[in-house]
Amino acid sequence: MYQLLFDAIASMDVYDEASLMSKFSDQAFTKRFPVTKRRLYEAILKSLDAFHAESSVDARLRRTLHQVEILHKRALYDDARKMLGSVRKLARQHDRQTILLETLAWERVLMESDAYSGTDAKDLNALQQRSNDLLEELRQVEQLWHLKSLSFVTLYHQGHARDKDRMKELRRVLQHPLLKSDARLMTAKARYLHHHVHSVADYAMGDLSACLHHLDRNLKLLDKEPHLVKDGPNLLIGVLSNSAYVAMRCGRTADAFDKLKRFRKLPQRFGKHLDADLTVKIFATGSSLEMAFHAQLGNMEKGCEAADRMAVELDRFAEKLSPLRMAGLCFQAAYQYFGIGRMDLALRWSHRQLNLKGIDESGEVHCFGRILNLLIHLERGDERLLGYALRNTERYLKDRNRTYRFETAFLTFLRNRLKAHGPEAERQALQQFRDSLVPLVDDPLEQAVFDHFDPLAWVESKLSQRPFSEVVKERALKQTRAA
């Protein structure tokens, strides 16, 4: 019965319950179809559980612990003790503190089952010390995870630190004892989180050099502790891609491309462990990284080719991408086409980004998406529409307290540009805008601007009447030489 129903559902392109009921109208299970569907669901889960029983360290450990329980119930205490030793060894290799605590509980049970035969106070004290150490290991990881998440929540929802209060908050996070350089960290996972928190906070504060230092420390750690990657491939995806991107932002182009090559080899490295979730992450992160590199170097033509490749796959993965990730990809594609002057395609991607549902509209990428949208309208000569969009964006940024130095300078420029009559007045508005941008280049609070696009290069291109991408290339070359 369940096999028939499963095959029928699997053959459908779109689930159609009415069709199923008609097809199996002579079957008794249609009379209680909700119950039947639930039991089919449970049967599929049991099959998947059996199929993936050895697919991860956690699955193997849980399964072996269950076997310890079975042996204990059959009074096979010596066999249970030997198997428990195997669990403890594997759990220690992979820093599975919660499993190790469970093995301690079973050690106590087995001691009691043997009426403490062969056990003395020294053994009990050693067991208690192991328990204390495990709890401290667990406490460190839990606290560091909390600090990491606090930093990420701020970064995802609000973006970079753009004011002194946010900078103070992040610096306060970095004052935690576990984030001190001499902190005694007991596990590889704790050491990873230590550098992870630093890299996130440093990035949010605009200190890209310090951020890259901690990212590279984590790359070395993941190479040294391969079980961290085996247990959580997402760690390597995140650290490697972020390190490549920040290296490019720091002008370390060769280092950035070396890391990009490593990133492209991840599917082969993960092999059979490359599941649907990892495939989506590698697609989204790889596409974002490739477009970001081309944007930083001014290779907008190649960036558009990357955007075209991304677009082919985007609809296939769209439902599995977070709104934030989708917004980032749309913004980057819009920027590539903006860079080569294809304002029709830039506007199409920009509208797709700004019309996304489920995105936090106070987020950084959405705010810069609105700014890019205004620039696209300006380049298209849509001055009537631009005036309306400008007023709308002014209210939007003001309501969200996002009128920082760049945003203020940009809005002032657009107002002046709309009032300008004739080439000389337009040029004066551009020169004033350039003068207001120059001090922002080295301001840590304004690094978010240059993470998304290069307004100074755009102004210089308008004043010199040269292609935007050409000016970006010049600026990128100077930064590489300086690095």
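Student: Which residues do ring pairs link into a cluster?
Tutor: Rings of Phe, Tyr and Trp (its six-membered ring) are paired if their centres lie within 6.5 Å, and a pair is called stacked if the planes are under 30 degrees apart, edge-to-face if over 60, and tilted for the rest. Please keep in mind that this is a predicted model, in which local features need pLDDT of at least 70 and side-chain atom pairs count only at pLDDT 80 or more, whereas totals for chains, interfaces and linings use all residues. Residues are numbered from 1 along each chain as its sequence is written, and side-chain values use heavy atoms, with hydrogens and water left out. The cluster that ring pairs link consists of Phe331, Tyr335, Phe338, Phe368, Phe406, Phe410, Phe413, Phe433, Phe453, Trp458 and Phe468.

Student: How many aromatic pairs does a search of the whole structure find?
Tutor: The search covers the whole structure, and the number of aromatic pairs that it finds is 14.
To come back to your question, the number of aromatic pairs found is 14.

Student: Are Phe368 and Phe453 buried or exposed?
Tutor: A residue is buried under 20% relative accessible area, exposed over 50%, and partly exposed in between, as judged with a 1.4 Å probe and protein chains only. By that rule, Phe368 and Phe453 are both buried.

Student: Why does the pair of Phe413 and Phe433 tie together parts that are 20 residues apart in sequence?
Tutor: Phe413 and Phe433 form a stacked pair, 4.7 Å from centre to centre with 10° between the planes. Both of these residues are buried. The pair ties those parts together because Phe413 lies in helix H21 (residues 405–419) and Phe433 lies in helix H22 (residues 423–437).

Student: Which residues is Ile371 in contact with, leaving aside its neighbours within four places in sequence?
Tutor: Ile371 is found in helix H19, and it is buried, with a relative accessible area of 0%. Contact means that heavy atoms are within 4.5 Å. Leaving aside the neighbours within four places in sequence, the contacts of Ile371 are Phe406, Glu407, Phe410 and Phe453.

Student: Which residues does Leu71 touch, not counting residues up to four places away in sequence?
Tutor: Leu71 is found in helix H4 (residues 57–73) and is buried, with a relative accessible area of 17%. Leu71 and Met83 are 12 residues apart in sequence, and their C-alpha atoms are 9.2 Å apart in space. Not counting residues up to four places away in sequence, Leu71 touches Leu76, Asp79, Ala80 and Met83.

Student: Is Ala115 buried or exposed?
Tutor: Ala115 is found in the loop between H6 and helix H7 (121–158), and its phi is near 55°, a positive value in a residue other than glycine. With a relative accessible area of 61%, Ala115 is exposed.

Notes: Helices (H or I, at least four residues) and strands (E, at least two) are DSSP runs, numbered from the N terminus.
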